[in-house]
Amino acid sequence: MVSNQENNFKSTVSQDFNLKKTLSLYFKQWRWFVLCCLLFLGIAYLYLRYTPPQYEAYTKIMLIDDKESSSPSAVFQDLSLFSESEEAKVDDEIQIIRSRDLIRSVVKKLQLNIRYFTKGRVYESELYGKSVPVNFNFIASDSIIYKTNFDFLIDINSSVGFNYRVNEDDTPKKIAYGENIPTPFGGMIITPKDGKTDKLIGYDLRVNMSSINSVAEVLRSNLTVEPYGKSSKVLIVSAKDNIPQKAKDVVSTLVEEYNASNLRLKNNRSKNTAEFIDSRVELIASDLVNVDDSIVRFKTGNKITDVSSEAGQFLSSSTQNEQLLDQAKTEYRVLNYMKESLGTDSSTFDPIPSMGTSDPSISALSERYSELLANRERLLTSAGEKNLVIVQLDESLNTIRQNLQQSIDNARKTLNIRINGLQNQSDRINSKIYSVPGQERKLRGIERKQGIKEALYLYLLQKREEATISMTATSPNVKVVDEAYSTGIPVSPNSQVIYIAALFLGFFIPFSVIYVKDLLDTKIHNKEDLEKTIKDITVLGEIPKLKGKELDFLVQRNDRSLLSESFRIIRTNFDYVRRGRHVKDYDNVIFVTSTIDREGKSFFSINFALTLANTDKRVLLIGADIRNPKTDLGPLNIQKKRVSKIGLTEYLTDDSILIGEAIDSFDVGDNKIDVLLAGKIPPNPAELLMSDRMKPLFDKVSNQYDFVIVDTAPAMLVTDTLLFSQFAGHTVYLTRADYTEKEILNFAKELHDNNKLNGMMLVVNDVNQANFGYGARYGYYGAPEKKSLLKRILGN
């Protein structure tokens, strides 16, 4: 029972949200935030520095309804196929404007498949329209040019010609104006614009020829067509490009090509509408005759007059055939059963079932066999099997059985042939039955087609009389509301948005990494985490994580290191709890255990023993983890004249060994302790720890020593610790920061709740100094103050 004094020692941990602590989790990583922000701001600066600006040009157009009664499509307006809502019509026109064919026409008309660039200090500048100093003429056909992808460079260095090369590293070729230049796609001629050759000297041009399709896809991605408002017929057409004039030409040409395409469509539609009705009337009249002939051919070919009556006959025949098939299969199974009943052993005779068959010979033989078998059974009651009469009956029974088996085999073959014949006949009848619905469906389909053709024929005759198709005066489909214009202000890249996005990513990425890492963290990190996880068990303290050699991890006498001070705090807290518990037996025996391996039991046991010995107490350290002993002499670096080879294992197995023979004394850093090593690893550690010699051992050492520290096995992995836990006055339960899962601490809580370990107290081992002391990192009292970077810069 934990006393009130022990309860007062426990810290009260608030479960409320601690904003300061949450923010400190991110403030500790401020270097990553600064580094990421600088990185993304640098990327944003380089992106803005080397990305050419883009401009946007706009034009407004209004769709014009063509509702005149004389329009080619007016004849069919009462058909749902040709009637559509205004919103659907606007959406359709938007898709037409953005169609690839229309955009390819724009590329061809403006010759956008050929681009001209001049070198600059940062990036190349594109030339367009009148700014291009030369003309390019190609001997090859346009179909070849439109599929060509080719780059070349020209350096104009004189008034009569220029240097030509395909790649930067190629040797320049001197070409005169008007001279044919051979290329992979054919000849090419370059001439100066306006004949002013002197002004062209110094131009270094890169010419890029691309296929029409690739240029059209890029142009289509930079093109936007959207209605001015909901249900509005006014459309805003906009295009983006590095050159404002080029963007304006694109949207203007696109509207022109759209109008030209609609005019061609209207003219073709007016011409074709007149021919459509006459051709359809003749075609449908011919189809009606063909449908009538199809009905006659279908009934003649399938030899049917009434599909329903013939289906009834097929069903009747199928029923009779199935009955005969079931009878044959039943008789076949009876014969199989009779054959199985006869058996194959000539020395044993089993009765056969009295089942009737259609074969009289089998029935007679089975009756005779059953009669002789009954006589044999009757005679066996008074005579032995060696009796002459019994022997004669056995011979007769074997003969009848052989004849009966032969008859059964012959009958089975006959029945098998009959079953196959009935099955084939059933399949033929079923196929005819299955074909009836299909024949009926085909017939109804032909009749339905006949009705449709008749209705459409009458409809077209009526429309031919009503419609007076004429070549109507065609007019444009759209009206330009605003000519193409551009503000001249770059629309991308937006420096303000990019810098804000860079700052956002600079903060968001490290924040996300830290948040996800903290969210997925399931381990304890310090004393505060342990107290939140287990609230009703005393936490004695925490041991810091240290770097260095293994020899540096031992507590020395009069040592003022952080490790020694941590163990002194644990020793003080332990004495405080110990005085409040009032344990009668084994009050000076302290078990050290943990949940799993590698949580620091042996490390704690050695240093806690040295810390207690530092107060001039007699301390005994027992290595009770006999499965995996780690309390050895190697880490202690102890020099001793004689080290006993007898350990706890040898003491428990050999009754002749005295306790004093197994204990050695050591001097570690001027601290004297006695050690009972674990000894050899036994084959039966659990049974060995239940030895009767355990109680005398603990009775004696608890009387001889001020403190007995027992290094035991992990409590959750093996049952060794619980087997002799009754000898423990107190139990120190080790956990390890950044290693022990919070979930497995439920095992420690269960041990405490069920009183399986006496006086459980917790210790956190290997705590990072950044999380030491409730995560506050106050430092060690008496150690030199570590100045921050800002204080070092300011010199304070």
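Predicted model: local features only at pLDDT ≥ 70, side-chain atom pairs only at ≥ 80, totals over all residues.
Figure 1. Take Cys-36, which is in no disulfide: the nearest cysteine sulfur belongs to Cys-37 and is 7.1 Å away. Seen from Cys-37, the closest cysteine sulfur is that of Cys-36, and 7.1 Å is too far for a bond, because a disulfide needs the two sulfur atoms within 2.5 Å. Cys-36 counts as buried at 14% relative accessibility, and Cys-37 counts as buried too, at 8%.

**Figure 2. The buried face of helix α5.** Helix α5 covers residues 100-110, and its buried residues are Leu-102, Ile-103, Val-106 and Val-107. Look down the axis of α5 and these buried residues fall within an arc of 145 degrees, so they line one face of the helix. As a handy reminder, an α-helix has 3.6 residues a turn, so residues three or four places apart point the same way. Just after α5 comes Gln-111, with a positive phi of about 55 degrees.

**Figure 3. Asp-241 and its surroundings.** Asp-241 sits in strand β12, which spans residues 234-241. With a relative accessible area of 15%, Asp-241 is buried. A polar atom of the Asp-241 side chain lies 3.1 Å from the backbone nitrogen of Ile-243. Leaving aside residues up to four places away in sequence, Asp-241 touches Gln-54, Tyr-55, Glu-126, Lys-246 and Ala-247.

**Figure 4. Where helices α14 and α15 cross.** The axes of α14 (residues 562-581) and α15 (residues 601-613) come within 10 Å and cross at roughly 75 degrees. The two helices, α14 and α15, are therefore roughly perpendicular to each other. On the α14 side, the contact is made by Leu-563, Phe-567, Arg-568, Ile-570, Arg-571 and Phe-574. Their partners on α15 are Phe-603, Phe-604, Asn-607, Phe-608, Thr-611 and Leu-612.

Figure 5. Ser-492 and Pro-493 are joined by a cis peptide bond, with omega at about -5 degrees. Pro-493 lies in the loop between β13 (478-486) and α12 (495-519).

Figure 6. Most residues other than glycine have a negative phi, and most peptide bonds are trans. His-582 is not a glycine, yet has a positive phi of about 60 degrees. You will find His-582 in the loop between α14 and β15 (589-594), where His-582 counts as exposed at 66% relative accessibility. Asp-738 also has a positive phi, near 60 degrees. Asp-738 is in the loop between β20 (730-736) and α21 (745-753), and at 35% relative accessibility Asp-738 counts as partly exposed.

Definitions and conventions:
Residues numbered from 1 in each chain as written. Heavy atoms only, no water. Buried < 20%, exposed > 50% of the residue type's maximum accessible area, 1.4 Å probe, protein only. Helix = DSSP H or I, 4+ residues; strand = E, 2+ residues; numbered from the N terminus. Arc of directions from axis to C-beta. Polar contact = N/O pair within 3.5 Å; in protein donor to acceptor, adjacent residues only side chain to side chain. Contact = heavy atoms within 4.5 Å. Axes fitted to C-alpha atoms, helices over the stretch in contact; angles between N-to-C directions. Parallel < 35°, antiparallel > 145°, perpendicular 65-115°, else oblique.
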